[in-house]
Amino acid sequence: MSHKTFSLVFAAVTLSFIAYVAIIQEHSAYAVVVFPDFNFGAAGDWGCTPNATSTVKNMVEKGIELNLGLGDYSYKPSADCWLDIIKPIFNKTKISIGNGDGAAWPEYMNIFNLTRQYYSFDVQNVHFLAMSTQLQNESDKLDQLNFVRNDLNKTSSNPAKDWIVVYFHRQAYTSLLEGGEDRTDIIVRDTYHPLFDKYNVDIVLQAHNHNYQRSYPLNYNEVDPKNPIRVSNETNNYYSDLSGPIFVTVGTGGNGLYKFGVKNDYLVYQTYSSYGFLNVDVINNGTKLSAKFLSNNGTVADQFTIVKSH
Ligand SMILES: [Fe+2]
């Protein structure tokens, strides 16, 4: 091939490639997006205990790609001992603040590179929103409310985001403890649950009670807020978009376990018998969440799935 012919062929191939890229870009809105499987874990109420070390080991063995911290970590004025324990998963960890983290919170913010106690981020088609149940002054609380409202509004109208997971420390819903103590955070329940309903939040993760509790999908009950309304009576497998979130308490990171009184009707399952974490696999091209409470003794203590189309 002469030099001239080669140059012409090269130019033709280059132009074809540019045209091809332009066509792909023009039609990219219609391209089929493929989401690889990924997973995330969540737990709160850790402590610097051998049980917390076991929870980290359990997470590492499961190969978690993201760890949502549900608050109450070292229970000490310094974060150091907990940071040592979570070293194998530190780079995968995104925290929310608990009431036991107050003294060390500036340290946590610094090391996790946070400027506020509430923030959001995406992994593929899943949106994660971390909230704070520890804000003290009214203007900070109002700022968070505005942030959450705008964030959820924007996300729920974004067709590229199929799932919304919200997490924080204190509970919107919980069974009473054995001695009758009610640890419900009324602000989270009455201010935020209506927003979670409105903007189609799928899962709400919380801690503070050192045990595991999983609700039915729930709508806020304006008439009787203590008794939220079941969206579905199915207990384990959900096959369509739900109009209210499933609330899961995962206060099983390692710092002691709390016994319940009776189980509230809006809960499918509760246990205080083992430490562990909630693992959620995002599978089937991002259309299915498969959640399991993996106890540190190797058993699957609870599981549920949600399927929805893009
Ligand atoms: Fe707490």
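This is a predicted model: local features need pLDDT of at least 70, side-chain atom pairs count only at pLDDT 80 or more; totals for chains, interfaces and linings use all residues.
A residue is called buried if 20 or more other C-beta atoms lie within 10 Å of its own, exposed if 12 or fewer do, and partly exposed in between, with C-beta atoms placed from the backbone.

Residues are numbered from 1 along each chain as its sequence is written.

The overall picture, then. The protein has 310 residues, and 38% of them count as buried. Its C-alpha atoms fill a box of roughly 90 × 45 × 45 Å along the principal axes. Two residues are in contact if their C-beta atoms, placed from the backbone, lie within 7 Å. Among contacts with a separation of 6 or more, 75% join residues 24 or more positions apart.

Now the sheet. Seven strands form an open sheet in the order S3-S2-S1-S13-S14-S15-S10, with mixed pairing. Which strands stand at its edges? They are S3 and S10 (237–238); each has a single partner strand, so one side of each is left without a neighbour in the sheet. Pairing here requires that DSSP finds at least two bridges between the strands. S10 pairs with S15 (residues 300–307) in the parallel sense, over two bridges. In that pair, Tyr-238 stands opposite Ile-306 of S15.

Thr-93 counts as partly exposed because it has 18 C-beta neighbours inside 10 Å. Apart from neighbours within four places in sequence, Thr-93 is in contact with Asn-67, Gly-69 and Ile-86.

Next, two loop residues. Asp-45 is not a glycine, but has a positive phi of about 60 degrees. It sits in the loop between S1 (38–43) and H2 (50–62). Is Asp-45 buried or exposed? It is buried, because 29 other C-beta atoms lie within 10 Å. Gln-124, also not a glycine, has a positive phi near 50 degrees. Its loop runs between S4 (119–123) and S5 (126–130). Gln-124 has 18 C-beta neighbours inside 10 Å, so it counts as partly exposed.

That is the end of my part.

Conventions: Helices (H or I, at least four residues) and strands (E, at least two) are DSSP runs, numbered from the N terminus.
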